[in-house]
Amino acid sequence: MTSPSIFQPLSSDWIIRGGFDSKSPKRFQQFSMRSVTNKLSGFSLSKSDAACTFRVLSSLQINPNVPQTTESESALILIRHGESMWNEKNLFTGCVDVPLTEKGVEEAIEAGKRISNLPLDIIYTSALIRAQMTAMLALTQHRCLKVPIIVHSETEQARRWSQVYSEGTKKQSIPVVKAWQLNERMYGELQGLNKQETAEQYGKEQVHSWRRSYYVRPPNGESLEMCLGRAVTFFKEHIEPQLLIGRHVMVVAHANSLRSIIMYLDKLTSQEVINLELSTGVPMLYIYKEKNFIRRGSPLGSSEAGVYAYTESLAMYRQKLDGDIQ
Ligand SMILES: O=C(O)[C@H](O)COP(=O)(O)O
């Protein structure tokens, strides 16, 4: 029996996002993502990785029942993972793979409540456990009641062995795609050091520039520019095509991989991104329409109505959920 690994998307669409005080968008600096990516010797996408990713995403994307239109409106949710055990200890974490604290678990559940009425077809997370825990915990709160299933594409065998053979079950599932390109910025020789102690040793300004500037690299680590080279390239090549065909996407990642993606979405300059701070576990919403990203609402509002400015299609999705439940 053959069964292509295709997950059915929801048919509705919707909106939102918010989160920080960005200034009015200015022209985004033009530069070649590829040239930046190529500079990252330790972070280049191998041919076999690329082939596997392509196969998995192809199987997720190709569904003859999905109307492929460029006019649809789709939602993009971005969430920084909940508090990790090294956030709690104030340690530079970067690509070290540490889990959530209890508070981080609560933040993930709270984030899930905030997005529980928003349609969702596919989830992307980094390869790090704190982002994956956040995604899974958030999904426990979603009113669609679908099961998030991690896509295994490491090898052909992993792909075959994780196939689902029921179309009905696939319809009740949401694929979760892991991508190392969404990992936190690699913090080099700062990883494991205490942030406060490092500021005392090297000076506040130096540490601020390692943490927030666009071009400056922490010792033997990635600058935000380098992080953007991989994260935004992945976003453009894999996530944007999903949005383009009307899929609703959630990305669960990290402070700096998300800062770089937001820099791209909001057309922030290298100066503006310095002031961009992201809290743990706070969902941000964008609407993707006619190839533009529109930031919606503020996740910091006290009530859901204050949080999300519903579009017509989002309101319809919500009504449908309410109808299904009554
Ligand atoms: O990697 C880390 O230490 C944090 O997740 C993000 O750190 P930052 O606030 O220094 O960017």
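Tutor: For "active site", the unreviewed UniProt entry lists His 81 and Glu 184. They span 104 residues in sequence, yet no two of their C-alpha atoms are more than 10.4 Å apart, so they gather at one spot. Keep in mind that this is a predicted model.

Student: Why is His 81 called buried?

Tutor: Good place to start! A residue is buried if 20 or more other C-beta atoms lie within 10 Å of its own. His 81 has 32 C-beta neighbours inside 10 Å, so His 81 counts as buried.

Student: And where does His 81 lie?

Tutor: Look in the loop between E1 and helix H3 (85–88). Leaving aside neighbours within four places in sequence, His 81 is in contact with several residues, among them Arg 130, Val 252 and His 254.

Student: What makes Glu 184 count as buried?

Tutor: Use the cut-off of 20 or more within 10 Å again. Glu 184 has 28 C-beta neighbours inside 10 Å, so Glu 184 counts as buried. You will find Glu 184 in the loop between strand E4 (173–178) and helix H8 (195–202).

Student: Which residues does Glu 184 touch, not counting those up to four places away in sequence?

Tutor: They are Thr 93, Gly 94, Cys 95, Leu 128, His 254, Ala 255, Asn 256 and Ser 257. Glu 184 is also one of the residues surrounding the ligand, including Thr 93, Gly 94, His 254, Ala 255 and Asn 256.

Student: How do the residues of the shell around the ligand divide, and what makes a residue count as charged?

Tutor: The shell has three nonpolar, four polar and two charged residues. Asp, Glu, Lys and Arg count as charged, and the residues around the ligand include Glu 184 and Arg 211, so these two are the charged ones.

Student: How do you know that strand E5 is largely enclosed by the rest of the structure?

Tutor: Five of the five residues of E5 (residues 249–253) are buried, so E5 is largely enclosed. Both faces are covered: Val 249, Val 251 and Ala 253 are buried on one side, and Met 250 and Val 252 on the other.

Student: What makes E1 and E2 count as paired with E5?

Tutor: Two strands pair if there are at least two bridges between them. Strand E1 (residues 73–80) is joined to E5 by five bridges, and strand E2 (residues 122–125) by four, so both pairs meet the cut-off. E1 and E5 run parallel, and E2 and E5 run parallel too. Arg 80 stands opposite Ala 253 in E5, while Tyr 124 has Val 251 as its bridge partner there.

How values were computed. Residues numbered from 1 in each chain as written. Predicted model: local features only at pLDDT ≥ 70, side-chain atom pairs only at ≥ 80, totals over all residues. Buried ≥ 20, exposed ≤ 12 C-beta atoms within 10 Å, placed from the backbone. Helix = DSSP H or I, 4+ residues; strand = E, 2+ residues; numbered from the N terminus. Near = placed C-beta within 6 Å. UniProt positions renumbered as here; feature names shortened; annotations may be inferred. Contact = placed C-beta atoms within 7 Å.
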